[in-house]
Amino acid sequence: MTDQRIDDGRRARGDASRRTVLRSATDLASVDGLDGLTIGRLAEASGLSKSGIATLFRGKEGVQLAAVAAARQIFVDRIMEPARDEPRGVRRLSALLRNALDYSRDRVFTGGCFFAAAAADMDSKPGPVRDAVREALVDWYGYLGAQVRAAVRAGELVLDEEGAEVLAFELAALNEQANARSLLLRDDRPYALAAAAMRERLLAAGASAESMRALDA
């Protein structure tokens, strides 16, 4: 029983240390990119020792992969899950877009969208880390496209298959441009511009103004 309590205590401390490191890792990577995520920088930011971090994550690549997984869960929790409270179609799509804009605007990570920074850093560097970033973004783009297609099936948008694909691409691009421009200009105005452009694209595709109220906020 005593040995079990000791093991449980060590595990709890290890889990707490891991969470502390990952909070620092995701934030640092949003600014410096995943390649800039070194064990030395993490030790300074988290207050843990370099040897302790290396033991927890088995090296730099382990830290990078864990940071991607942690950021992906935050992305799902902040953007995708809350939108599921709305019915499938334009209402859910609008909530999803609003959540994505707010996630960047509210600086959940200091460097704005973690995956925008990670993609820019890793897109030309083959390996497991790039694969993990790619998988997360493919999941996001796929989910966004699925909501557009659901709205088409519901008769809320009037688009053919190619038009639905183009719309999903445009909506993602507007979100990403708002993130990039806001960071560069230190201005929240790009989020309002992106929301207005999203509304216009949805209206042009047949959506009702009432169904897009989330984008009015």
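Start with N179. N179 is buried, at a relative accessible area of 5%. Buried here means under 20% relative accessible area, exposed means over 50%, and partly exposed is in between, with a 1.4 Å probe and protein chains only. N179 sits in helix α8, residues 161-185. Leaving out residues up to four places away in sequence, N179 touches S104, G112, C113, A116 and Y191. A touch, or contact, is heavy atoms within 4.5 Å.

Two caveats before I go on. This is a predicted model, where local features need pLDDT of at least 70 and side-chain atom pairs count only at pLDDT 80 or more, while totals for chains, interfaces and linings use all residues. Numbering runs from 1 along each chain as its sequence is written, and side-chain values use heavy atoms, with hydrogens and water left out.

A168 is buried, with a relative accessible area of 11%. Its touches are L144, G145 and V148, again not counting residues up to four places away in sequence. Y143 is 25 residues from A168 in sequence, and their C-alpha atoms are 9.6 Å apart.

Now the overall picture. How many helices and strands does the protein chain have? Nine helices and zero strands. Helices are DSSP runs of H or I with at least four residues, strands are runs of E with at least two, and both are numbered from the N terminus. Along the sequence the pattern reads α-α-α-α-α-α-α-α-α. The C-alpha atoms fill a box of roughly 65 × 45 × 30 Å, taken along the principal axes. Of the 217 residues in the protein chain, buried ones make up 42%. Take the contacts with a separation of 6 or more: 64% of them join residues 24 or more positions apart.

On to the packing of helices. Two packed helices are described by the angle between their axes and the distance between the axes. The axes are lines fitted to C-alpha atoms, for helices over the stretch in contact, and the angles run from 0 to 180 degrees between N-to-C directions.

First pair on my list: helix α4, residues 60-83, and helix α5, residues 90-105. They pack at about 155 degrees, axes 8 Å apart. α4 and α5 are therefore roughly antiparallel to each other. The scale: under 35 degrees is roughly parallel, over 145 roughly antiparallel, 65 to 115 roughly perpendicular, and the rest oblique. α4 passes α5 in a right-handed crossing. Right-handed means the near helix is turned clockwise from the far one by less than a right angle, and left-handed means anticlockwise. On the α4 side, the contact uses F75, R78, I79, M80, P82 and A83. On the α5 side we have R92, A95, L96, N99, A100 and Y103. By class, that contact has nine nonpolar, one polar and two charged residues. Nonpolar covers Ala, Val, Leu, Ile, Met, Phe, Trp, Tyr, Cys and Pro; charged covers Asp, Glu, Lys and Arg; the others, Gly among them, are polar.

Next, α4 with α7. The angle is about 10 degrees, and the axes are 9 Å apart. α4 and α7 are therefore roughly parallel to each other. From α4, the residues in contact include L65, V68, F75 and I79. Their partners in α7 include V133, A136, W140 and Y143. This contact has 12 nonpolar, one polar and four charged residues.

The crossing of α6 past α7 is left-handed. F115, A118, A119 and M122 in α6 meet V129, R130, V133, A136 and L137 in α7. Those residues divide into eight nonpolar, no polar and one charged.

Last, the core. A nonpolar core is a set of buried Ala, Val, Leu, Ile, Met, Phe, Trp, Tyr and Cys residues joined through side-chain atoms within 4.5 Å. Which members of the largest one touch the most other members? L34, F114, F115 and L202, out of 63 residues. Helix α4 supplies the largest share, 11 residues. Not counting residues up to four places away in sequence, L202 touches L93, S94, L97, L157, L167, L171, A207, M212 and L215.
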